[in-house]
Structures are given as C-alpha cells and as structure tokens.
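Here's a quick tour of a protein model, written for someone who has the coordinates open. Have a look at the fold before reading on.

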Amino acid sequence: MLVAADKFKGSLTAVQVAERVTAGLRRVVPDLEVEALPVADGGDGTVDAAVAAGFERREVRVTGPLGDEVTAAFALRGDTAVVEMAEASGLQRLPAGVFAPLTASTYGSGELLRAALEAGARTIVFGVGGSATTDGGAGMLRALGARFLRADGEPVAPGGGGLADLAHADLSALDPRLAGVEFVLASDVDNPLTGPKGAAAVYGPQKGASPEDVETLDAALAHYAKVLEGALGARAAEYAASPGAGAAGGIGYGALILGARFRAGIEVMLDVLGFAPALQRASLVITGEGSLDEQTLHGKAPAGVAAAARAADKEVVAVCGRLALAPEVLGRAGIRRAYALTDIEPDVAKCIADAGPILERVAERIGEHFLR
C-alpha cells in the first residue's frame, strides 16, 4: 500500500494526510504494510515533501516579500536541492489580511537559491507557486547579481509596480555558479508572462490586485520583458511567451532567464522523491488533496500520481476534503474511486476543523472496500 497524497490546504500537511490515512487503514488491517510518500506539485509544501522523503532541511534567514527578514527552508540531498519560492516569497509570509500586489518582491527567493548554491547544489529543483508577488522574478534576479536601474541610475523600487520605471537592465554580474547547475522550474501552471492569460491578469487578484493594479502590473511586466530583450536579445521575448513564464507572479520568467528548464511540477517531484520504485512495491495507491476538482486535472499532484500509477498498471483511489468531479471524469484520470470528508461530515467547516479524525474514518472505508 502506497499513500502518495498532497496536503489538504488549510487543514493537513501532506505528511499528516499520510499519517491519518495509515491510521485508518490499520484499524481494518492492523499489520498492514503502508509506505508513505507525501507529494507536492512545486507549490507550498514542496520542501516538506522532500524532507519527508529523506532530504535534509536547511534553514536560512532571507528577505520576505515585504522586505522584512524571515526564516525560510530548502531541502538538500547530496548535490540536489529542492527550493520552494513560497518559503521566502509566498502569501504565507504576509500578515493576515495584508496584500502588497505592487510592491511585494521575490528577492528572498533569490537568496534561497544562493544558499542552495553555497551548499554545493549542482541540481536545483525550483518549485514555484503560492506567491505573494508579481515582479517577474526581478527581485530574485537582483539577489543573484542583476541590476535594474531607472533612467537616473538609481535602482527601481521593489515589486512589479517599480518595473514601470525600468530603463536599464544589467545581468553581467549574475552568480557564475548558475552556469554549472541543472536548473529545473517546477510548476503546475503554464501561463505566459503577460496578456489575458498572464501572471497579473490570472493570479494578481488572488494577491490583492485591483483591476487597475492588474493593468499596471501587466504593463510593467511587458515593459520589463522589453528592456530585458534589449539586454539579452530575442530569447528574452521568447521566454516571456513560454509556458511557465507567468508562474508565481512571473518568477517563472526570471528562472527561464537564468537557464531553467520548465517541467510540470508533479512530474519533477515524483522523480526527485523516488516515486517509481515505491510504486513498484505497491498493490494499491492512495492519492489526494483538499479539493478534487477541475484544477486537479491540470497538473495537480493527484492527477500526476494517477497517471504514473496507471502507466504501471496500479490501481488508484483518492481521498479529499471536497469532491467536485464525476465518477467518469475520475476514471479517465486513472482514479477508480474518490472518498471525500464531506461524505462523512456534510458540514464543510467541521471537515476543515476536524480533518484528521474524519480522514481516518474515510481511510477505514477504503480499507473495508479494498482490503477485505
């Protein structure tokens, strides 16, 4: 039995999901062998999943999205590092109810990457998602040696809004160690940098951006890409239109500028976490996340787990807080059946508050249906 589920956002970490599912299954079969492999798709929780899989957790002090100092972590095993931008620049780093769509910076994410380089990383998996920022990765690039200047020679202000004043970009002093690293951009979104499907238009409102802010940010990001085209040539424009450039407020664009290769986050993480050998040992796979819905089908962890399991001819069931997919849709995704917390407790607020005990009861049902 393999439990390879993502977090239930706001209720349970991926590690806790695995623990609760295991406890429920063992109420049915006390001596059941269960292998837990918490997974993530590149967003928040990615470092925790790597640590659960045997990576070492490394903590460093970096700059948060508002400029204050925060403690952030990355994961290291051998010369492979897993860096999660949300650790430094995520919405989780903002005070409750506070947003800064025009000024939040990814500088701390660049500091995290620098810490991974200093730790000897030769492969960096850069998970992006859950960002508080829409600065196109400019802050991250600054932390790694780039200079972004106004016409008067002064640095532009932090955040996406400041990019409107950008007159000159100098990337000649970027950290030379980057050239010797395999750099993978891991994300579950494939948006371009700008336009109606770009970073500002699609994700800006989630970060507190008003319609006027969205227009300001989209124009600033387009200007930023144009200035970088002048500094780097046509490839800067190509990167802006590439899948993943708009991920996490455009930090994907900054990563592509640094030479990163874009891959679906869950595919990268399954490779890094050692999913294939664990899958071979499994008779049944249990995956899941907080809400199984249309978004799940577009690069989220359960869809990636189910696709890999189906290719290996392994049966998959899913657990979730809320289920919004029809059985036939689940079947096409490779999931035989899904079990929701709301099947046991219809009150969503109670499901969120008591997710752990309810998930154990859900897992008991799976044990009764599949293990007896």
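## Ground rules and a buried helix

A residue is called buried here when its relative accessible area is under 20%, exposed when it is over 50%, and partly exposed in between, using a 1.4 Å probe and protein chains only. Helices (H or I, at least four residues) and strands (E, at least two) are DSSP runs, numbered from the N terminus. This is a predicted model, so local features need pLDDT of at least 70 and side-chain atom pairs count only at pLDDT 80 or more, while totals for chains, interfaces and linings use all residues. Residues are numbered from 1 along each chain as its sequence is written, and side-chain values use heavy atoms, with hydrogens and water left out.

With that in hand, take helix α12 (residues 301-311): its buried residues are Ala301, Pro302, Ala303, Gly304, Val305, Ala306 and Ala309. They pack against α10 (265-273), α11 (275-281), β11 and β12, where contact means heavy atoms within 4.5 Å.

## The overall picture

The protein has 15 helices and 13 strands. Its radius of gyration is 21 Å, which agrees with the value near 21 Å for a compact globule of 372 residues; the radius is taken over C-alpha atoms, and the globule rule is 2.2 Å times the number of residues to the power 0.38. Along the principal axes, the C-alpha atoms fill a box of roughly 75 × 45 × 35 Å.

Of the 372 residues, 55% count as buried.

Which residues sit closest to the centre of the largest pocket? The pocket itself has a volume of about 1,200 Å³, and of its 47 lining residues the closest to the centre are Lys9, Asp41, Asp188, Gln295 and Lys300. Two or more lining residues come from each of α6 (199-203), α9 (247-257), β10 (261-264), β11 (284-292), β12 (315-323) and α14 (348-353). By class, the lining has 16 nonpolar, 18 polar and 13 charged residues. (Ala, Val, Leu, Ile, Met, Phe, Trp, Tyr, Cys and Pro count as nonpolar, Asp, Glu, Lys and Arg as charged, and the others, Gly among them, as polar.)

The second largest pocket holds about 250 Å³ of space. It is lined by 17 residues, and those closest to its centre are Lys7, Thr13, Asp44, Gly45 and Asp48. Here the elements giving two or more residues are α1 (14-28) and α2 (46-52). The lining divides into six nonpolar, four polar and seven charged residues.

## One cavity

Pockets and cavities are found on a 1 Å grid over the protein atoms alone: a cavity is a set of points where a 1.4 Å probe fits but cannot get out, a pocket is an open set with protein on both sides within 12 Å along at least five of seven lines, and lining residues have an atom within 4 Å of a point. Grid points are joined across faces, edges and corners, and a volume is the space filled by probe spheres set on the points.

Helix α5 (residues 138-143) supplies the largest share of its lining, three residues. The lining residues include Ser105, Asp135, Phe148 and Leu163, and they divide into six nonpolar, three polar and two charged.

## Residues worth a click

Thr46, in helix α2, counts as buried because its relative accessibility is 1%. Beyond four places in sequence, Thr46 touches Ala40, Asp41, Val82, Glu84 and Met269. Tyr339 lies in strand β13 (residues 337-340) and is buried too, at 3%. Its contacts beyond four places include Val317, Cys320, Ile366 and Phe370.

Most residues other than glycine have a negative phi. Ala248 in helix α9 has a positive one, near 50°, and is buried at 9% relative accessibility. Asp313 also has a positive phi, about 60°; Asp313 lies in the loop between α12 and β12 and counts as exposed at 71%.
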